[in-house]
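Visitor: I would like to go through the terms used for this structure and see what stands behind each of them.

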Amino acid sequence: MARVLARGAKGMAVLRDNPPTQDQQTETPFPSRKTAMRLGSLDVFRGLTILLMLLVNNVALDANTPYLLTHAPWKGGVYLADLVFPWFLLAVGVAIPFAAASFRKKNLPSWRYDLKIIQRSIVLFGLGLLIVSSIARRPVFALDVLPLIAMAYLVAAWLYDLPAHRRAMIAGFFLLAYWAAIRYLPVPGVGRAIFEEDQNLILHFNNTFLDAVNLRGLLSVIPTSALVMLGSLIGDLFRLELSPLRRSAWLLAIGLGLTILGMLWNLSLPYSKTFWTPSYILLTAGLGTLLLGIFHYLVDTRGWHGWTFPLTVFGSNALFAYVVPILVKVWLLQRIEVGGVSIQQNILNFWRSLAGSYSGGWLYTLSYIVFWWLVLWVLYRRRIFLRV
């Protein structure tokens, strides 16, 4: 059957019928479906990230929430919830080499690729503004998750034409410069370099300069761009002519090296998701690469595909899985009331009345995840994938 690409608004598209080629499958920050033999591991990794996101964002246990599903306190290390966002960024970076390879095969002028990068970034940025505005129930301009992903992707994708060693040097420079500024530049009004939750250079810039123009968090583009660039270097490994076993070994070695480097850097500047410290960047990138290496060995090297299907369904439509559940919850479940109570609260009350406060909270969370998995499964079976 012929491939049909139904264009939507603002550059989005729905891909139907024949699955895309290997390069097409990874040509966007939130790609569609991969071939199982080459990049099944990336879909599994992305699917696990989506699963963790849905779990963390919809846990309904209040004070009984396991600490790993919350964000770590200041100087409290890194919890499971702290891995979701950087793993999204890592997956975005891994996709970049395939986007570039797909474009090169079309023999189009390079400015067309630059234009496509800008278009993707604008669409992701716009979707992010739609989400934060929907949550606030008023128009809001804020650098939340998707806007930050869009800007980090823009930087890393534009620099991808550089040789790998130069991209590695630039990523390292970004992290070193960011670390040195926090570690050694005095904070105005304090008179010395300090890194505390309520006093540090990044916070000073946010409060003094960036808040006034709704750009709080803009400095985070520096370390997050470095993370996406590291992901593009990892993605290069999938483009090299290596055996799956050697590629898995390289992924594991690089992941271990990044993890150790992040742990060592923590001794100088602690992990912080809020301020995206280099130690946090390298630790999460290292753990993600280790996991990707394990998945690559199990799925692509050993051919153990059966257990991956639930995660593949999540990972094959990652943009839909991120955006739509949030909008449905905000627009419908939290706004529409039945008997003076929101639909979301009615569902939670039903599960709690059935199984008690704690078990009912878990049933609510798991049922929400299962519902969206079924939605994504229907889209997967019909080969419908949201792309930008």
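Visitor: Which residues make the nonpolar surface patch of about 340 Å²?

Guide: Leu-130, Trp-331, Leu-332 and Ile-336 make the patch. Before going on: this is a predicted model, in which local features need pLDDT of at least 70 and side-chain atom pairs count only at pLDDT 80 or more, while totals for chains, interfaces and linings use all residues. Residues are numbered from 1 along each chain as its sequence is written, and side-chain values use heavy atoms, with hydrogens and water left out.

Visitor: What makes a group of residues a patch?

Guide: Patch residues have over 30% relative accessible area and no salt bridge; nonpolar side chains (Val, Leu, Ile, Met, Phe, Trp, Tyr) are joined within 5 Å, and like charges within 9 Å. The areas come from the Shrake-Rupley method with a 1.4 Å probe, and for residues only the protein chains shown count as cover. Trp-331, found in helix α12, has a relative accessible area of 40%.

Visitor: Why is Trp-331 called partly exposed?

Guide: Buried means under 20% relative accessible area and exposed over 50%, with partly exposed in between (1.4 Å probe, protein chains only). Trp-331 has 40%, so the residue is partly exposed.

Visitor: What makes Arg-46 and Asp-43 a salt bridge?

Guide: The term requires a side-chain nitrogen of Lys or Arg within 4 Å of a carboxyl oxygen of Asp or Glu. For Arg-46 and Asp-43 the N to O distance is 3.0 Å, and the pair is a salt bridge. Both residues lie in helix α2, three residues apart, about one turn of the helix. Helices here are DSSP runs (H or I, at least four residues; strands are E, at least two), numbered from the N terminus.

Visitor: Are Arg-46 and Asp-43 buried or exposed, and why?

Guide: Arg-46 has a relative accessible area of 2%, so this residue is buried. Asp-43, at 1%, therefore counts as buried as well.

Visitor: Which parts does the pair Arg-167 and Asp-236 tie together?

Guide: Arg-167 forms a salt bridge with Asp-236, with the closest N and O atoms 2.8 Å apart. Arg-167 lies in helix α6 (residues 164-184) and Asp-236 in helix α8 (residues 221-239), so the pair ties together parts 69 residues apart in sequence. Both Arg-167 and Asp-236 are buried.

Visitor: How many salt bridges does the rule give?

Guide: The count comes to five. Another of these joins Asp-211 and Arg-216, with the closest N and O atoms 2.8 Å apart. Asp-211, at 34% relative accessibility, is partly exposed, and Arg-216 is partly exposed at 36%.

Visitor: What makes a space a cavity or a pocket?

Guide: On a 1 Å grid over the protein atoms alone, a cavity is a set of points where a 1.4 Å probe fits but cannot get out; a pocket is an open set with protein on both sides within 12 Å along at least five of seven lines. Lining residues have an atom within 4 Å of a point.

Visitor: How many cavities of 30 Å³ or more are found, and what lines the largest cavity?

Guide: The search finds two. The largest cavity holds about 40 Å³, and its lining includes Met-53, Pro-325 and Tyr-368. Helix α2 gives the most to this lining, with four residues.

Visitor: How much space lies in the largest pocket?

Guide: About 920 Å³ lies there. Among its 40 lining residues, the closest to the centre are His-71, Phe-85, Asp-144, Val-145 and Lys-273.

Definitions and conventions
Points joined across faces, edges and corners; volume = space filled by probe spheres on them.
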